[in-house]
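This report looks at how the chains of a complex meet one another. The sequence and the structure come first, then the contacts.

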Amino acid sequence: MAVADVVISFMVFVSIYAILSYGMNLKYGHTGLLDFGHVGFYLIGAYTSVLFVLGPDDPGDFTAYVIGLGDVPFVGTWIVGIVAGTVLAGIVGGLVALPTIRLREDYLAITVLGISVIFQRIVQAEEWLFNGPDALRGYSPPLKSLFPLEMNTMIGAALFGIITLVIWAAATGLLGRERNHESRFPLAGLYAVTTFGLARLGGEDGSLNDAQVAALAGVVAGVLATVLLTALDPILALGVLLSLYTWFVAGVAIAHLYDGLGRREWLAGIAFGTGFLVALLPVPMADSLAVKSLGTIVLLGALVSAYLYAVRNVAWFDSAKITVVGVASLWFVGIWYFVLPILGPLGNGYVPAALATLFRNVVWVLKFGGDVGTTYAVAFLGELTINVDYSRFILAGFGLFMGALYYVLEVTVQSPFGRVLRAVRNDEDVVMSLGKDPFVYKIQSMVIGSALGGFAGALWAMYAQGLVFTMFAPRITFITLLIMFIGGAGNNKGMILGAAIYWGFQQATSQLAAFFPPAVRVNVLAFRFVVIGLLFLVILYYLPEGLLGREEFGSEVSDE
Amino acid sequence: MAVETGLLNATVTGIVTGSIIALGAIGLALVYDIAEVPNFAHGDMLTFGAYTALLVNKPGSVPVFELLSTGPRQVGTAGGAFLFLVSVVSVLGIVYNLGGRAALEGGWWGIDVPPAVGLGVHGLLALAVGGLVVAGVPSFLSALLFAVVVLGATVPLMESLVFRKFREKDVEVAMMLIASLAVAFILRFGIQTIFGGAIRFYEVDASVPFAGGSLDITLSKFFDFFLAGDGLILSIQETRGAESAKLLVLGYSWIELLAVVAVAAGVGYLAYKRREGTAAVVGPRLAAAFGGLGVVLLGGTLFGGGGSVPEAPLYATRVGASPLRVGVFLLALVMMGGLHYLLRATTLGKAMRATSDNRDLAMVRGINTRRVMMSVWIISGLFAAVAGVLLGFLFSNITINLGFYLLLPMFAGVILGGISVYGAIVGSYVVGLAMEIGIFAIPGLSATYRVPVAFVILLLVLLVKPEGITGGS
Amino acid sequence: MSETILEVDNLRKTFGGIVAVDGATFDIEQGSITGLIGPNGAGKTTTFNLISGFYEPDGGEVRYDGQRLQELMRPSRDEKVIWGGAAGITAGALGGIAGLGPLGLGAAPSLATLAGGAAVGSGLYVGQEAVKQNRESHKNSRPYMLAREGMVRTFQITRELSEMTTLENLMLAPQGQAGENLVNTWLRRGKVSAEESAIRERAEEMLELLEIEHIRDEEAGNLSGGQRKLLELGRVLMLDPELILLDEPVAGVNPSLTRKLMDRIEVLRDEGYTFCIVEHDMEVIMNLSDTIIVMNEGAKLTEGSPEEIRNNEAVIEAYLG
């Protein structure tokens, strides 16, 4: 699998968990309700949505479930399923909240955890409901059969148009935020071009805000792509253009993020990134298990000690300690993404193969290889078979949900409603003394937060294409809490960052675990949870506000 | 014709389940109450205890440690030395946790002794425990002892390495909860990192010498109760395979039964009256319970005339109980008794109760709250080790989720009891009984619903009284 | 001037056998500043908590604007909708499941059992609420309902919303903001933001009025004690109340700020606001109050103008004894 495909599945996980964490964040970060049973709503969303797309249960086979609405017209679709799962999770969240919400926060946490375990046990015990302890399968995600896309058909072109829409809107939205900062590139001019002139509608006196402009630009780009594909079939050119645009915007954003960084901070970051790479070398290189594990642990330990030493003893390092880790991670990811995949071909002297690999990873929007697809002969690279696979489409869809929900949530928490939620979190008595009923707001927060959990569950069901009760263990709630605290409780953007960090860690460690013999893989995978637990403690103690801290409120409200 | 088990059997099972829950819940409640940590890692402490015992019970199955063992259940010299050393260090570690070097020198005894005496006594104790452990390898009791001392020494480290740090930052209780969740993760997956995913079990020699013969402690004895026109008949039998051997039949007439019950109630009432108002170790309720129980046992033996199993009883029910289950219950009672004595009759116990009432006030009054805190964690570790090992033995399979399954019932018991040691004991038995009787009484409810039943009880109680049964407002 | 806004009649409250308020009876006149004083443990703060609905009384009653507090504190519409809806949904779901499952009625009749269940569930809620409200012994405790009627309080130890800025603290207060409703927040953005601008403007005026513009964007947790007292007063005023209960408004405030606060309160009184103040600082209370009520051992000892109270033997004795 090309590295780009690994990254795409990573981003799908990030979008699901970001949405799941939005829900937790609304409950705890904004309202102060510690919901240790968040996974219960994730479960409800997942199983409910699946009932809408499963065909009617065949009593003769080995699976059993209560009802399958897949054959009912209009009702038996994913859209209805997702909506139903979300709504039901919200309703159940409200019902669960009614008796528990007036409890002390620790009692609340424990009882809601208990309720989520009850949900899990019900799924496990009731065989007629969702196939009991066995997996519930037999459904497929929407439009799956159309992939890989056939570009010469109208529907293929349209679906690629949707993918283009989402990617373009996301990149343009980010560019819109960056365009006001100093840069060596003419960002404002570029923005005018990539928004197709729509930027004029926004701005100071315009009626549209940046997000709306970006969404419109995405629509225009999507329609353009569809038309172009139908007329001319320039899929490679479109893919390259889209990919390069995203890389450019990402580069600009990173450059801005680390703008004020001096040379020594850069060097320190790169040194630590490289050190990290070296520390992990024993895992793929060494043969003996002892060297693999102990060697890596010793090297990592040395690296962490060096980091801590520098934090304690070097003033400039201490003030840039998080930035250095950020730079190190970027450096590490950059090498992993661009350099490592081409080392193999280069070592064997196949320069064209190395270039082809690099090209494939740069043009991440397209998938290369396979039997179906358009074949191009490109100079230096040789023949490339191009197709657009389902994972890109899923990513576009989930990314769209993640972005749209982020927007809705921002509107919500920045509004007077969000202000009351924060006041409830601070001191309920004050809220009462000001004539507002905290109960009503807490219930609403639980309903919406749980509904978000249900929504994420429905997306998970779609992605996983099979559900087992063990997927909904209390561990998921713990991971959601971790994501929330990494990013910063009370900060919706932090949920995306937290989910990215968590899944980055997960993906990286699963790749490393693959180098261990199968017999000890369980142990290695368990060890990474130990590391996650330690990381959680470190964050809670040293960075209780998370990486991004609390969101700023109040200053932008009237501008909208 | 075999007699069906019924409500009585579920009750007996519930008492055994409740005993295990109580052993865990006591530590949880102490820590929750005095150290103010709702410890989500408590379940995993039980798991830790269960796995630690494997080092003694089945050393050949423990990764890395197996290199030192000379057979599946033999440790060899190096392994023995290792276990001895760990036990000795653990015992000294427990004392050290109570207040560093000064504690080792006897500083926590409450009386002035020369440092050498303190060191000597602790040292001898440590050597004795180490010797006992190594001499007993691979017996179950030796494994239990080993787990107890190891947890007693390591569990307080959670306080000094993690929770004390958070407490010093004056965080909300929610933060403590989340921190303990992280500790739970580290503990659980740390165990899995070492032991992997395989299911394990103890190997216990089930037959022990007893009254001249041998007794299989895991084998159930069946107590069949028959209600007939002329009284109650109790028939005790043992089933091995297809054979069923009648051990004893006891018959009681209605008058005898009535008399015993009446006398028991009377003795209980008198004992209650006599001890009323005393704050001694044996308070009024305990005295009443002892008195009543004593009379019932005495009466049962005295009047236990022969009888025969009636052909058509009015009502018949069977209770299955193995010596092991009875042993679990008795061990729980003994440990609770010990804790009760500690809380009521020792300086440390008084300090603990004072700290529980009001930590700031206790500190002002010169109570060493840090020592109190550490002793609470030590006790929590000791009880968790016993609960974990017993649980592993009873379930006869040990997985990394062993303790987590029990965490929710334990929390239910603690919250039902309003976060106090005595409340937790009562709450645990309520939860244990509710779990077993609920599964028995509600038709179609599979055993998967044990924990849900416990939680439904908790939810119902909290609906009516949000602060728990005995909690204040 | 002589209209009574609050009547306290034979109010009683005990805590675990200790009588905190024992038959307190007094009136508060509209447009006046009434001081509530008494030695420590006289039950002033408990009385405050009873009047403002934060405690449930064991006996007696309070009338605000002629209406019994217990009437005013009945469940709000929102609360009724939530509980009634939840009861309906739960019972309806049970009905539906029962229809499909054990009763085996098929899809269409199950819909009927579902609806029936929902009706029974909501009916049960409405019914039990009606029964509860008709029982004399039932006590409502919904302080927020009183604030909606125009009676607001401050707290003895300031309860600022520490993670929110001063401006946000003030903007939180106004009643019935459209943006507090999620539907409006999502679908009527224009209306919400117009209203939000108006509230912001009022909050800015309030900052100016209290002369605390410089701490506009400071988190309330970082304010000094005196600033917090001002913030609390401002927050209460943002509600446009009729009756303001101030619990030790100048405790811990420096003298010059105290002076300022007192002036402010007098100005507001002249504008028609009514104040009831618990305060330990005798000088402040004597200078500020129109009427002073002296409490001792949970009941009213005496009442009168500052002059009368100053010379009252019983009061002096209560304070010394």
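## Which chains touch

Chain B and chain C do not touch, contact meaning heavy atoms within 4.5 Å. The nearest C-alpha atoms of these two chains are 11 Å apart. There are 2 pairs of chains in contact, and chains A and B share the most contacts.

This is a predicted model, in which local features need pLDDT of at least 70 and side-chain atom pairs count only at pLDDT 80 or more, while totals for chains, interfaces and linings use all residues. Residues are numbered from 1 along each chain as its sequence is written, chains are lettered from A in the order in which they are written, and side-chain values use heavy atoms, with hydrogens and water left out.

## Extent of the A–C interface

Chain A brings 38 residues to its contact with chain C, and chain C brings 41. About 3600 Å² is buried between them, 62% of it from carbon and sulfur atoms. Buried area is the accessible area (1.4 Å probe) that two parts lose on being put together, summed over both.

## Polar and charged pairs

Between chain A and chain C, 18 residue pairs are in polar contact, both residues at pLDDT 80 or more. A polar contact is a pair of N or O atoms within 3.5 Å; within protein, one must be able to donate a hydrogen and the other to accept it, and residues adjacent in sequence count only if both atoms are side-chain atoms.

The rule finds 7 salt bridges across this interface (a side-chain nitrogen of Lys or Arg within 4 Å of a carboxyl oxygen of Asp or Glu). In one salt bridge, C:Arg159 meets A:Asp427 at 2.6 Å, N to O.
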